[in-house]
Amino acid sequence: MNSISIRFIAFVAFTILMLNCKTSKEINENKKAKKPLNVVLILMDDQGYDTSIDGMKGIETPNFDTFSKEGIRFTKAYSSVPSCSPSRSSIFTGMFPHSNGHWRNTITPNLTDGDEAFGRNAKRVDKVGIHEYIKTLPEILKENGFFTAITQKFHMSPPWKFPYSQRDPVHNDPEKYKNVISEFIDAAGDKPFFFQANISPPHRNFDAHMKKFPEYMPDVNKIVVPDFLPDTPLMREDLSKYYGCVQLADACAGAIIETLKRKGVFKNTLIIFTSDQGQPYHRAKASAYAEGLHVPYAVVGPNITDGQVSEALISHVDIMPTVLNFLNLPIPETVQGKSLLPIFKGKQKDVTDRKYIFAEHNSHGPDPREHYPSRIVFDGRFYLIHNLMPNKSYLLPADLRAYKGWSNRSYEATKKAKETHPMQYELLKKLEKGRPALELYDMDNDPYQLVNLSGNSEFKLKKVELKKALSEILLKLKLDYM
């Protein structure tokens with residue numbers, strides 16, 4: 001072989017080597033450029049379907065409103081249960097509370113407690129909680145290399161079923177949320193992340209929130225008093241603080257969203273913005289009525305067309321399968337909800353063919369007097385409640401009736417309005433004792449559920465239809481009525 005051939009072969013080899021090096025470099029650069037998919041769940045505490053974009057007068061929720069227009073807003077989103085702990089356990093198992101074992105509120109660690117309080121050697125563990133065989137969303141994400149973090153409160157049981165990489169008790173301060181979320185993103189590094197961004201308002205104590213942030217208080221004369229509550233000065237005083245807390249919660253959520261954008265992770269993150277349950281008022285929270293279950297709900301993320309508004313019936317049990325579907329992770333067979341990804345992509349009819357939505361209430365706390373099991377089915381207009389123990393007396397949870405510790409004036413206001421607002425007073429009394437076995441409401445014409453149609457012959461066929469639907473749902477979910 002002559003010298004020219006040797007030089008030519010060497011040149012070709014060198015060129016191939018350089019091309020390979022360049023290709024490898026490009027591949028590595030592409031890998032670095034492709035950001036991981038993340039998820040953030042912004043979860044208000046006890047906020048009903050009360051946002052300005054959803055039609056609530058007298059308040060402004062600019063962050064929820066703007067966020068909604070960047071993705072999809074759901075007008076018929078419902079919690080699976082109207083109490084904090086079981087609602088959250090339902091979100092993170094994709095299952096209904098009396099199916100996953102977490103059927104009432106539970107005693108759980110504070111986020112400031114040490115790691116031991118969240119492990120299997122914890123000294124304080126509630127006897128009620130998720131069954132061990134059920135995989136929770138945080139467990140699955142941890143197994144798949146996600147950095148996970150949580151704010152405000154824990155409130156899930158047992159604690160080791162919800163492993164988080166980092167915890168921070170920030171709960172109602174917009175500026176502090178900016179710092180904490182920024183720290184979470186930095187701590188995640190190159191890992192994909194999941195944040196459970198809990199926000200404490202508008203959970204009571206309203207006074208504690210509003211004393212620190214009075215600038216969010218609305219005009220007491222411009223707010224809306226729901227028809228099931230008496231429109232009196234004392235009630236308006238209480239409600240104005242609730243709506244002030246809604247505006248504060250919106251500011252906290254806005255701080256979280258702003259930080260995701262500033263840190264450059266907004267566009268590759270699925271963000272779900274909702275509340276764990278409805279309003280912290282009697283005949284709402286801790287009851288089977290719609291005001292305790294109907295929640296604001298909007299989603300923004302990759303490949304979600306902006307400006308969508310959906311009337312699809314959706315439940316909080318749909319959150320876990322939606323998140324896993326988005327992340328291309330397998331959905332456990334235990335999950336009872338359905339992925340909403342087809343709706344995000346504009347395929348409204350793939351919503352899952354769901355004609356009815358199911359919800360339940362069992363007990364708010366461990367006190368047997370707070371136990372009042374009810375089952376709910378809703379077809380988008382007609383709302384059926386089956387009270388399983390209609391003759392039982394019901395003790396309202398302390399935060400729905402007590403001023404001390406909770407600054408609740410609404411219960412007192414309703415009691416004092418016996419003569420001036422007898423209907424609202426009677427609704428409260430019937431809530432505590434005297435509810436019928438079946439309640440049927442036309443939500444289009446009676447959104448506050450004031451007139452029970454279950455004994456009206458005109459709606460006999462609808463009642464039969466919904467009773468049958470409820471039985472079939474429970475059978476499909478392998479649930480007993482009790």
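Student: How many bridges join strand 1 to strand 7 (residues 269-275), and in which sense do the two strands run?

Tutor: Strands of a sheet pair through backbone hydrogen bonds, either parallel or antiparallel. Here seven bridges join strand 1 (residues 38-44) to strand 7, and the two run parallel. Two strands count as paired if DSSP finds at least two bridges between them. Strands are DSSP runs of E with at least two residues, helices are runs of H or I with at least four, and both are numbered from the N terminus.

Student: What kind of model are these values computed from?

Tutor: This is a predicted model, in which local features need pLDDT of at least 70 and side-chain atom pairs count only at pLDDT 80 or more, while totals for chains, interfaces and linings use all residues. Residues are numbered from 1 along each chain as its sequence is written, and side-chain values use heavy atoms, with hydrogens and water left out.

Student: Which other strand pairs with strand 1, and over how many bridges?

Tutor: Strand 6 (residues 193-198) pairs with strand 1 in the parallel sense, over five bridges.

Student: Which way do the side chains of strand 1 point, and are they buried or exposed?

Tutor: In a regular strand the side chains alternate between the two faces of the sheet. In strand 1, Asn38, Val40, Ile42 and Met44 point one way, Val39, Leu41 and Leu43 point the other way, and all are buried. Buried means under 20% relative accessible area, exposed means over 50%, and partly exposed lies in between (1.4 Å probe, protein chains only). Across the chain, buried residues make up 60% of the 482 residues.

Student: How do strand 12 (residues 357-363) and strand 13 (residues 371-378) pair?

Tutor: They pair in the antiparallel sense over six bridges. Glutamate 360 stands opposite arginine 375 in strand 13, and isoleucine 357 stands opposite phenylalanine 378 there. Seven of the seven residues of strand 12 are buried, so this strand is largely enclosed by the rest of the structure. Strand 13 is mostly covered, with seven of its eight residues buried.

Student: What follows strand 13 in its hairpin with strand 14?

Tutor: Three residues lie between the two strands, and glycine 380 in this hairpin takes a positive phi near 100°. Strand 14 (residues 382-387) pairs with strand 13 in the antiparallel sense over five bridges. Leucine 384 in strand 14 is the bridge partner of valine 377.

Student: What is the strand order in the open sheet of three strands?

Tutor: The order is 8-3-11, with mixed pairing. Strand 8 (294-295) and strand 11 (314-315) stand at the edges with a single partner strand each, so one side of each has no neighbour in the sheet. Strand 3 (residues 77-78) pairs with strand 11 in the parallel sense over two bridges, and alanine 77 has isoleucine 314 of strand 11 as its bridge partner.

Student: How do the axes of helix 2 (residues 62-69) and helix 8 (residues 233-262) cross?

Tutor: Two packed helices are described by the angle between their axes and the distance between the axes. These two axes come within 7 Å and cross at roughly 45°. Each axis is a line fitted to C-alpha atoms over the stretch in contact, and angles run from 0 to 180 degrees between N-to-C directions. Helix 2 and helix 8 are therefore oblique to each other: under 35 degrees counts as roughly parallel, over 145 as roughly antiparallel, 65 to 115 as roughly perpendicular, and the rest as oblique. Pro62, Asn63, Phe64 and Phe67 of helix 2 make the contact with Asp250, Ala251, Gly254 and Ile257 of helix 8, where contact means heavy atoms within 4.5 Å.

Student: Which residues does valine 300 touch?

Tutor: Leaving out residues up to four places away in sequence, valine 300 touches Phe67, Glu70, Gly71, Phe266, Thr269, Leu270 and Ile271. Valine 300 is found in strand 9 (residues 297-300) and is buried, with a relative accessible area of 4%.

Student: Where does alanine 188 lie?

Tutor: Alanine 188 lies in helix 6 (residues 174-188). Alanine 188 is buried, at 5% relative accessible area, and touches Phe147 and Phe193, not counting residues up to four places away in sequence.
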